[in-house]
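Me: I have a protein model here, and I want to know what stands behind the words used for it. Can we go through it term by term?

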Amino acid sequence: MANHVLCWRSIWEGTAQGAGRRQGYGARGGRPSGMMAWQLPYGATAANLAAMQLRTRMIRYGLTREQLASIAIVQRANAQRNPSAIYTDPLDVDTYLNARMVSEPLCMYDCDIACDGATAFVISRAEHARALDHPAVTVEALDCAHHDRFTWEGGEDITRISSRWSTIWDRTDFTVADVDYASLYDGFSVFVLCWLEDFGFCKVGESGDFIADPARISLGGDLPINTAGGQLSGGRLHGFGHLYEACLQIRAEASGRQVDDISLAAVGVGAANSGTTAMLLRRTL
């Protein structure tokens with residue numbers, strides 16, 4: 001239906017929150033309904049719900065805070081290579097473990113950071129790639145996983161999100177073993193665990209062991225993730241930053257943080273509520 005489509009997303013949460021102007025849950029009054037009817041009387045926010053996911057994973061799967069720290073630490077190290085990142089100060093295990101709690105066991109380093117920013121993409125028909133004067137990125141596969149309730153958990157399991165229903169691997173001849181890099185949504189660090197499992201990088205419940213050695217998910221490791229710092233350190237661009245970084249990686253334009261010999265990237269965006277989107281990007285042949 002179109003030859004070229006412009007996709008644009010801008011955000012100013014950094015300014016809004018910095019000036020104390022962002023309205024909290026229920027600030028406009030009225031009688032809450034649905035999920036909010038259960039949250040607002042107790043002052044529950046997204047951080048409280050993410051903390052429930054973490055606590056349940058600790059009880060059910062033996063996840064530890066030391067394991068979880070790998071995500072924040074690796075992404076902070078990546079952010080130091082990104083001149084646009086919000087947080088670039090070094091982060092180590094002791095600093096993480098002694099950080100201020102937001103909603104125990106979720107600490108401040110498990111939460112994304114608001115920022116101002118804008119991201120734009122032009123999506124074109126595949127044949128247009130021949131006319132470009134720069135490397136193109138091919139969308140190998142795209143999948144949206146939804147459920148029918150606007151609730152936090154994906155399918156009555158607080159440890160998971162709706163990415164559990166992704167069918168991305170049914171839409172390509174590639175397999176999880178072919179992925180060279182992953183951009184995984186990290187509104188809270190626990191979401192990275194969910195995406196690792198639902199993409200199939202590890203089995204459900206084994207993501208803590210998967211990330212226990214931070215070298216595995218670091219630049220130069222088996223599966224580098226969120227090389228721009230993700231939303232925990234780079235800044236929260238509502239998932240568009242993850243897609244942008246994956247495109248830079250595929251085009252070999254991620255200066256200072258480039259993944260070697262990359263040909264296939266996995267992008268997982270979204271977490272709670274009703275839907276998530278998975279995408280596979282590859283170098284245009």
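Reply: Start with asparagine 226, which is buried, with a relative accessible area of 1%. Keep in mind that this is a predicted model.

Me: Why is asparagine 226 called buried?

Reply: Buried means under 20% relative accessible area. Asparagine 226 has 1%, so it is buried. The residue sits in the loop between H7 and helix H8 (230–234).

Me: What makes alanine 252 count as exposed?

Reply: Exposed means over 50%. Alanine 252 has 56% relative accessibility, so it counts as exposed. Alanine 252 lies in the loop between H9 and S7. Its phi is positive too, about 60 degrees, although alanine 252 is not a glycine.

Me: Why is glycine 14 called partly exposed?

Reply: The relative accessible area of glycine 14 is 25%, so it is partly exposed. Glycine 14 belongs to helix H1 (residues 13–18). Leaving aside neighbours within four places in sequence, it is in contact with Ala114, Cys115 and Asp116.

Me: How do you know that arginine 76 counts as buried?

Reply: The cut-off is under 20%. Arginine 76 has 6% relative accessibility, so it counts as buried. It is part of helix H4.

Me: Which residues is arginine 76 in contact with, leaving aside its neighbours within four places in sequence?

Reply: They are Tyr87, Thr88, Asp89, Pro90, Leu91, Tyr109 and Ser233. Each has heavy atoms within 4.5 Å of arginine 76.

Me: How do you know that the span of helix H3 agrees with its number of residues?

Reply: Helix H3 (residues 46–61) has 16 residues. At 1.5 Å a residue, they should span 22 Å. The end C-alpha atoms are 22 Å apart, so the two agree. Just after H3 comes glycine 62, with a positive phi of about 80 degrees.

Me: Which residues of H3 are buried, and what covers them?

Reply: The buried ones are Ala46, Ala47, Leu49, Ala50, Ala51, Gln53, Leu54, Thr56, Arg57 and Met58. Their cover includes helix H2 (35–39), helix H4 (65–79) and helix H6 (189–199). It also includes strand S2 (101–103), strand S3 (106–107) and helix H7 (207–211).

Me: Why is H6 called largely enclosed?

Reply: Eleven of the eleven residues of H6 are buried, so the rest of the structure largely encloses it. Among them are Phe191, Trp195 and Phe199. Just after H6, glycine 200 has a positive phi of about 95 degrees.

Me: What makes glutamate 104 and arginine 55 a salt bridge?

Reply: The rule asks for a side-chain nitrogen of Lys or Arg within 4 Å of a carboxyl oxygen of Asp or Glu. Here the closest N and O atoms are 2.7 Å apart, so the pair is a salt bridge. It links distant parts of the chain: glutamate 104 is in the loop between S2 and S3, arginine 55 in helix H3, 49 residues apart. Arginine 55 is partly exposed, with a relative accessible area of 32%. From glutamate 104 to proline 105 the peptide bond is cis, with omega near 10 degrees.

Me: How do you know that aspartate 143 forms a salt bridge with arginine 171?

Reply: Their closest N and O atoms are 3.2 Å apart, and the limit is within 4 Å, so the pair passes. The partners are 28 residues apart: aspartate 143 is in strand S5, arginine 171 in the loop between S5 and strand S6 (181–184). Aspartate 143 is buried, at 4%, whereas arginine 171 counts as partly exposed, at 48%.

Me: How many salt bridges does the count come to?

Reply: It comes to ten. Glu13, Asp112 and Arg236 are linked in a network of them.

Me: What is the volume of the second largest pocket, and which residues are closest to its centre?

Reply: The volume is about 960 Å³. Of the 33 residues that line this pocket, the closest to its centre are Phe121, Val122, Ile123, Val137 and Val139. The lining divides into 22 nonpolar, eight polar and three charged residues.

Conventions: Residues numbered from 1 in each chain as written. Predicted model: local features only at pLDDT ≥ 70, side-chain atom pairs only at ≥ 80, totals over all residues. Heavy atoms only, no water. Helix = DSSP H or I, 4+ residues; strand = E, 2+ residues; numbered from the N terminus. Expected span 1.5 Å × (residues − 1). Buried < 20%, exposed > 50% of the residue type's maximum accessible area, 1.4 Å probe, protein only. 1 Å grid on protein atoms, 1.4 Å probe; cavity = no way out; pocket = protein on both sides within 12 Å on 5 of 7 lines; lining within 4 Å. Points joined across faces, edges and corners; volume = space filled by probe spheres on them. Nonpolar A, V, L, I, M, F, W, Y, C, P; charged D, E, K, R; others polar.
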